[in-house]
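Subject: Structure handover

Hello,

Here is the structure I said I would pass on.

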Amino acid sequence: MKSDLALMIPGPTPVPEAILEALSRPPIGHRSNEFKVVLQEVYAGLQWIFRTQRPVFLYTASGTGAMEASLINVLNHGDEVLVLSCGVFSHRWAEIAQELGLQVHLIEVPPGQSNTPEALETFLKGPQGQQIKAVCMIHNETSTGVLNPIQALAQTVKKHSDALVIVDTVTSLGATNFEFDAWGIDIAVSGSQKGFMIPPGLSFLAASEKAMAQHQQCAAPGHYFNFSKYEKVVEKGQTPYTPAVNLTFGMQKSLALLQEEGLEGIFQRHLKNQQMVRQAVKSMGLSLFVESDTLASPSVTSVLPPDGISVDAIRAGIKEQFNIVIANGQKNLTGKIFRIGHLGAIFPRDILTVVSCLEVVCHQLGYQKTPLGTAVAGAQGELL
Ligand SMILES: Cc1ncc(COP(=O)(O)O)c(C=O)c1O
C-alpha cells in the first residue's frame, strides 16, 4: 500500500476533501434557479478575492484561455503592446500577442529577477512609449518563483501612459495580496487549479470600466470569450454558455473555505510556508534560486540542486519513496532547479514533511554537508 499522492507543485494543487465532495454532486441545469444561487455566490466570492466592485467573468477554460481573452477583447490587429517578461509564463503574453497579430515590445529580465518600475518608466518615456495600448505583466512568475511589484508597476503605467494594465494573477490570487480596484488594474486573470484548490478547467477575469470602453472599440473581439456576452449575464447569475457545472460547485466551496480563513489568514499561511521552505533549504546548505526575500514567491520556491546531484534524481527519490511530487524547472531551467509548490491547501505540516523527505533523499544521493534534521530544524524554527 502507498501513501496518498501529495502534490507539491505550483498547480494543480491538492483538492481538499470538502471540495471533492462538492465536485461529486450530481450536475444540475445551468439555467436553473438552484444554479443561479451557486453562480451568484461564486461571482461575489470572486469580487471579494480580486478586491473589486467590477463584475468578474467565469470562463470554462484554463488560465491561458483567460490570457487570450484579455488581449482579443481590447486590442486590434497591429496594436502595440508592451510585455514585461521575467520567465516562461510572463513571456506567454508575448507569444499570444504575436499570434494575434499585435506588435510586441518586450522588456525582459534574467530568470530569478523581477520586472522593475524603473525599466518600465524608461521605456514609456522613450520614443515608443506613447504608442503602447496595453502593458502585460505577471504578478507571480511560477517558472522561477519571483513575485513582481505589481502595484508599483501599475502606478508607473498610469503615470506615463494611457495604456491598459493587464495582469496574470494565476498563481498569486489566493496566496498574496492583490487589489484590482485600488491598484488601478484594467484586466486581471486567474485560474482554478492554483490558489482556488479545485481541478483545472475554470478561469476568471476582471475588467475595469476603461477596459470595457476599449472593448467597444475592438473590431474582432471573438465569440466565446467576448466580454460583452459575459458582462450582460453576470448580474443575472448566469454564464453565456454552459459552464463546467461541477467545477463551479467546487469553486463555491473553495470560496467559502477561503472566506472562512480570511484574506489575512490566507496570506500569512502562504508566507509562513514560504519562510519555512526557504529557511530549511538554507539551513541544509543549498542555494535558493531567488535570493532576495522581497522578491520571493509566496506560492513556489525554486532551489538549486547540490553539486553533482541531478534534479531528476532528487525528484525521483521523493516521488518513489514518499509519493510527493515536486516540480522540475521549465524550458532553460529544466534540470537546473527544482521547485517546491506551497500554494493552495498546503500547511506547515506539509512543509515539515517535504523538507524532511528532501533531506533524506539528498543524504541518500551523497549530499551530507549537514546532519540529518538540519533542514527540518530550520523549518521548525519559523514556527516558534
Ligand atoms: C502564472 C501562470 N500563468 C499562466 C499559467 C497558464 O495556466 P493554464 O495552464 O491553466 O492555462 C500558469 C500555469 O501554470 C501560471 O502558473
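Predicted model: local features only at pLDDT ≥ 70, side-chain atom pairs only at ≥ 80, totals over all residues.

Ligand site

Which residues come nearest to the ligand? The shell around the ligand has 14 residues, and those that come nearest are Ser62, Thr64, Thr142, Asp168 and Lys194.

- Threonine 64: an N or O atom of the side chain is 2.5 Å from an oxygen atom of the ligand.
- Threonine 142: a polar side-chain atom is 2.6 Å from an oxygen atom of the ligand.
- Lysine 194: an N or O atom of the side chain is 2.6 Å from an oxygen atom of the ligand.

The ligand taken alone exposes 390 Å², of which the protein buries 89%. By class, the shell is made up of seven polar, four nonpolar and three charged residues. Helices α3 (63-72) and α4 (88-99) each supply at least two residues of that shell. The element that gives the most is α3, with three residues.

Strand β5 and its partners

Strand β5 covers residues 132-138, and six of its seven residues are buried, so the strand is largely enclosed by the rest of the structure. Strand β3 (residues 80-85) runs parallel to β5 and is joined to β5 by four bridges. In that pairing, glutamate 80 has isoleucine 132 of β5 as its bridge partner. Strand β8 (residues 164-168) also runs parallel to β5, and five bridges join the two. Here methionine 137 is partnered with valine 167 in β8.

In a regular strand the side chains alternate between the two faces of the sheet.

The five-stranded sheet

A sheet of five strands is open, with the order β1-β13-β14-β12-β11 and mixed pairing. Its edge strands, β1 (6-8) and β11 (287-288), each pair on one side only. Within this sheet, β13 (residues 324-328) and β14 (residues 338-341) run antiparallel and are joined by two bridges. Alanine 327 stands opposite arginine 339 of β14.

Cysteines

How many disulfides does the structure hold? The count is zero. For cysteine 136 the reason is distance: the closest cysteine sulfur, in cysteine 86, is 13 Å from its own sulfur, which is too far for a bond. The cut-off for a disulfide is a pair of cysteine sulfur atoms within 2.5 Å. Cysteine 357 is in no disulfide either, as the nearest cysteine sulfur, that of cysteine 362, is 11 Å away.

Are these two cysteines buried or exposed? Cysteine 136 has 0% relative accessibility and therefore counts as buried. Cysteine 357, at 6% relative accessibility, counts as buried too.

Helix α7

Glutamine 216 lies in helix α7, which covers residues 209-216. At 53% relative accessibility, glutamine 216 counts as exposed, because the class begins over 50%. What separates glutamine 216 from asparagine 73 in sequence and in space? The two are 143 residues apart in sequence, while their C-alpha atoms are 8.6 Å apart.

Regards

Note on methods
Residues numbered from 1 in each chain as written. Heavy atoms only, no water. Buried < 20%, exposed > 50% of the residue type's maximum accessible area, 1.4 Å probe, protein only. Pairing = 2+ DSSP bridges. Near = heavy atom within 4 Å. Polar contact = N/O pair within 3.5 Å; in protein donor to acceptor, adjacent residues only side chain to side chain. Areas by Shrake-Rupley, 256 points an atom, 1.4 Å probe, with all protein chains shown as cover. Nonpolar A, V, L, I, M, F, W, Y, C, P; charged D, E, K, R; others polar.
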